[in-house]
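Reader: I would like to learn how to read a model of this kind feature by feature, with each cut-off stated as we come to it. Could you take me through one?

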Amino acid sequence: MRIKLSPADIECSKAIRMARNHTCEHCRRQDGKMEAAHIYSRSFKSVRWSTDNILCLCFRCHLHFTGNPLDFERWLQSYLGQGFLDLLNEKRHSIQKDTAAYRKEVAAHYRRQIKLMEAGEHKLESFQ
Ligand SMILES: [Zn+2]
């Protein structure tokens, strides 16, 4: 299912790719286009803009994992650990209203985070 990307998604994606040094978290490649890959899909609003739910993956790894969900799950378990994934799973079920005002706040938060990272040593803070 295709979901239309809003400025909140675009700024969040940019901030995450920047914070992870434009390096694929799976194959460690640094060349080519990096993508923000969601663990739980964007339809889960409570984690849609959470840095815990988004990985920086290269196009190839993202495509591979999208087509091979069991490979993705196995890799996530070794990369992030079951405890982390259990917490994320709980968080995705919490209620989050999705309003224009909320998305505006998300976009502004990540725009600010990008500016702080550009200015020097700053660790990306998650909005959610
Ligand atoms: Zn990769």
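Author: What follows goes from the overall fold to a metal site and then to a few individual residues.

Author: This is a predicted model, in which local features need pLDDT of at least 70 and side-chain atom pairs count only at pLDDT 80 or more, while totals for chains, interfaces and linings use all residues. Residues are numbered from 1 along each chain as its sequence is written, and side-chain values use heavy atoms, with hydrogens and water left out.

Reader: Which pattern does the protein follow when read along the sequence?

Author: Helices (H or I, at least four residues) and strands (E, at least two) are DSSP runs, numbered from the N terminus. Here there are five helices and two strands, and along the sequence they follow the pattern α-β-β-α-α-α-α. The radius of gyration, taken over C-alpha atoms, is 14 Å, close to the 14 Å that the globule rule (2.2 Å times the number of residues to the power 0.38) gives for 128 residues, so the protein is as compact as a globular protein of that length. Along the principal axes, the C-alpha atoms fill a box of roughly 35 × 35 × 30 Å.

Reader: What percentage of the residues count as buried, and what share of the contacts join residues at least 24 apart?

Author: A residue is buried under 20% relative accessible area, exposed over 50% and partly exposed in between, with a 1.4 Å probe and protein chains only. By that criterion, 38% of the 128 residues count as buried. A contact means heavy atoms within 4.5 Å, and among contacts between residues at least 6 apart in sequence, 66% join residues at least 24 apart.

Reader: Which residues are the protein donors of the zinc ion?

Author: Donors are N, O and S atoms within 2.8 Å of the metal (3.2 Å for Na, K and Ca), and since water is not among the atoms, sites may look incomplete. The protein donors are the SG atoms of Cys24, Cys27, Cys58 and Cys61, which lie 2.2 to 2.4 Å from the zinc ion. Along the chain these donors follow the spacing C-x2-C-x30-C-x2-C. Cys24 lies in the loop between helix H1 (7-19) and strand S1 (34-38), whereas Cys58 belongs to strand S2 (residues 54-58), so this pair ties together parts that are 34 residues apart in sequence. Cys24 is buried, at 0% relative accessibility, and Cys58 is buried as well, at 3%.

Reader: Why does the arrangement of the four donor atoms around the zinc ion count as tetrahedral?

Author: Four donors count as tetrahedral if all angles lie between 85 and 135 degrees. Ideal angles at a metal are 109.5 degrees for four tetrahedral donors. Around the zinc ion, the four donor atoms subtend angles of 103 to 115°, which makes the arrangement tetrahedral.

Reader: Which residue does the side chain of Thr23 reach through a backbone oxygen?

Author: A polar contact is a pair of N or O atoms within 3.5 Å; within protein, one must be able to donate a hydrogen and the other to accept it, and residues adjacent in sequence count only if both atoms are side-chain atoms. Thr23, in the loop between H1 and S1, reaches the backbone oxygen of Asn21 with its side chain at 2.9 Å. Thr23 is buried, at 7% relative accessibility, and, leaving aside neighbours within four places in sequence, is in contact with Arg28, Arg29, Gln30, Met34 and Cys56.

Reader: Is Asn21 buried or exposed, and what is its phi?

Author: Asn21 is exposed, at 54% relative accessibility, and its phi is near 55°, a positive value in a residue other than glycine. His22, in the loop between H1 and S1, has a phi near 50°, also positive in a residue other than glycine, and is partly exposed at 38%.

Methods:
Four donors count as tetrahedral if all angles lie between 85 and 135 degrees; four count as square planar and six as octahedral if opposite donors are over 155 degrees apart and all others between 65 and 115; anything else is irregular.
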